[in-house]
Amino acid sequence: KIFVNKRYEKMLTESKDKETSDFLKQKIESANWFADAIKQRENTLQNVMSAILEFQHDYFVSGDEIDLKPMILMDIAEIIQMDISTISRVSNSKYVETSFGTFLLKELFSEAYKKEDGTEISTKEIKLKLQKIIESEDKRKPFTDEKLSKLLGENEYHIARRTVAKYREHFNIPVARLRRTL
């Protein structure tokens, strides 16, 4: 906990010198403001994390990324009635520790993708599927981005070749010709 040392408050009440009193009063007010700002920041972080836990309840129970719902900053901002920029700042460079690992809060945010049957899934699910396809490919004949796009389409993930390239780059996976082994 952050608080002002009582010794300084005592000095303020005992001081006869106006200049010293003014100085101490200003410093104590500044310290109290700082302590309040830290407390407010803690409350905001706690509210954001509670909203994320509620929104992603199934994911935090199972630990399976398939249970991760599409969630954007706006979703959390609406729940706790704060600005999107506040949610972004609060969740930036913060980690969450779970029973299934520790990871950045930002990793919980993802765009939605609507499948043919109308169900919404997280784009993380598509990225994981792409990663699995690439891991299981024949390394002598790796799939091109175009072929990966078609394979994902067979699983109702109809995304463009350029999007496949973007997701592949997200995992630092090289293009097909560089994945080829003899």
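This report walks through a surface patch, a loop lysine and a pair of crossing helices in a predicted model.

Ile2, Trp33, Phe34 and Ile38 together make a nonpolar surface patch, and it covers about 440 Å².

One of these residues, Ile38, sits in helix 2, the stretch running over residues 18-55. Its relative accessibility is 32%, so Ile38 counts as partly exposed. Partly exposed here covers the range between buried, under 20%, and exposed, over 50%.

## Lysine 106 in its loop

Next up is Lys106. You'll find this residue in the loop that links strand 2 (101-104) and strand 3 (112-114). With a relative accessibility of 29%, Lys106 counts as partly exposed too.

So who does this lysine touch? Setting aside neighbours within four places in sequence, Lys106 is in contact with Leu73, Ser88, Ser91 and Asn92. For a sense of distance, take Arg177: Lys106 and Arg177 are 71 residues apart in sequence, and their C-alpha atoms are 32 Å apart in space.

Now for helix 6 (residues 123-136) and helix 8 (residues 161-170). Their axes come within 10 Å and cross at roughly 80°. Angles of 65 to 115 degrees count as roughly perpendicular, so that is how helix 6 lies to helix 8.

Which residues meet where these helices come together? On the helix 6 side they are Thr123, Ile126, Lys127, Leu130 and Ile134. Helix 8 brings Val164, Tyr167, Arg168 and His170.

Terms used
Residues numbered from 1 in each chain as written. Predicted model: local features only at pLDDT ≥ 70, side-chain atom pairs only at ≥ 80, totals over all residues. Heavy atoms only, no water. Patch = residues over 30% accessible without salt bridge, like charges linked within 9 Å, V, L, I, M, F, W, Y side chains within 5 Å. Areas by Shrake-Rupley, 256 points an atom, 1.4 Å probe, with all protein chains shown as cover. Salt bridge = Lys/Arg side-chain N within 4 Å of Asp/Glu carboxyl O. Helix = DSSP H or I, 4+ residues; strand = E, 2+ residues; numbered from the N terminus. Buried < 20%, exposed > 50% of the residue type's maximum accessible area, 1.4 Å probe, protein only. Contact = heavy atoms within 4.5 Å. Axes fitted to C-alpha atoms, helices over the stretch in contact; angles between N-to-C directions. Parallel < 35°, antiparallel > 145°, perpendicular 65-115°, else oblique.
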